Amino acid sequence: MAIILRYVDIKDLLENVFFQVVSVNDTNASTLKKEICNVLARYDLSIENLRGPGYEGARNMRGEWNGLQALFLKDCPYAYYIHCFAHRLQLALVAVAKEEHDI
């Protein structure tokens, strides 16, 4: 699992920073949440300050009741869901690449 931090710096500029890759045994929502919380805690980053986590569109991520989004909303009521734009780009590239036989 890749963790990317998106934040506004002191100059009010939006920053996206590759933060860490975490190896996980499975991709169920509770495992992913535990690993994300562990990484954030290691760097003294509070999940209560989470505002716009971005996930791919898989059910284990966006599931309304048991997905990662729902689990974070229990701890962070201000953490609204954002569909990961990098994942959208990847989906578009894969669709185009399937039609282009030279790729």
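Predicted model: local features only at pLDDT ≥ 70, side-chain atom pairs only at ≥ 80, totals over all residues.
Me: What order do the elements run in from the N terminus?
Reply: The order is β-β-α-β-α-α-β-α. That gives 4 helices and 4 strands.

Me: How much of the protein is buried?
Reply: Buried residues account for 27% of the 103 residues.

Me: And the accessible surface, what does that come to?
Reply: About 7,700 Å² for the protein, with 55% of that area belonging to carbon and sulfur atoms.

Me: What about contacts, what share join residues at least 24 apart?
Reply: Counting contacts between residues at least 6 apart in sequence, 50% join residues at least 24 apart.

Me: Switching to side chains. How many aromatic pairs are there?
Reply: The structure has 1 aromatic pair. Phenylalanine 19 and tyrosine 43 form the pair, with ring centres 4.9 Å apart.

Me: Why is that pair called edge-to-face?
Reply: Because the ring planes of phenylalanine 19 and tyrosine 43 stand at 70°, and an angle over 60 counts as edge-to-face.

Me: Where in the chain do the two residues sit?
Reply: Phenylalanine 19 is in strand β2, residues 14–21, while tyrosine 43 is in the loop between α1 (29–42) and β3 (54–55). They are 24 residues apart, and the pair links distant parts of the chain.

Me: How accessible is phenylalanine 19, and how does it count?
Reply: Phenylalanine 19 has 25% relative accessibility, so it counts as partly exposed. Tyrosine 43 also counts as partly exposed, at 45%.

Me: Which residues form the nonpolar patch on the surface?
Reply: Ile4, Phe18 and Val21, and together they have about 320 Å² of accessible area.

Me: Where is valine 21 found?
Reply: Valine 21 belongs to strand β2. Its relative accessibility is 58%, so valine 21 counts as exposed.

Me: Now the backbone. What is the phi of aspartate 12?
Reply: Aspartate 12 has a positive phi of about 65°, although it is not a glycine. For context, most residues other than glycine have a negative phi.

Me: Where is aspartate 12, and is it buried or exposed?
Reply: Aspartate 12 is in the loop between β1 (2–8) and β2. It is exposed, at a relative accessible area of 65%.

Me: What about phi of aspartate 44?
Reply: Aspartate 44 has a positive phi too, near 55°, and is a residue other than glycine. Its place is in the loop between α1 and β3.

Me: Is aspartate 44 buried or exposed?
Reply: Exposed, because its relative accessibility is 73%, and the cut-off for exposed is over 50%.

Key. Residues numbered from 1 in each chain as written. Heavy atoms only, no water. Phe/Tyr/Trp six-rings, centres within 6.5 Å; stacked < 30°, edge-to-face > 60°. Buried < 20%, exposed > 50% of the residue type's maximum accessible area, 1.4 Å probe, protein only. Contact = heavy atoms within 4.5 Å. Areas by Shrake-Rupley, 256 points an atom, 1.4 Å probe, with all protein chains shown as cover. Patch = residues over 30% accessible without salt bridge, like charges linked within 9 Å, V, L, I, M, F, W, Y side chains within 5 Å. Salt bridge = Lys/Arg side-chain N within 4 Å of Asp/Glu carboxyl O.
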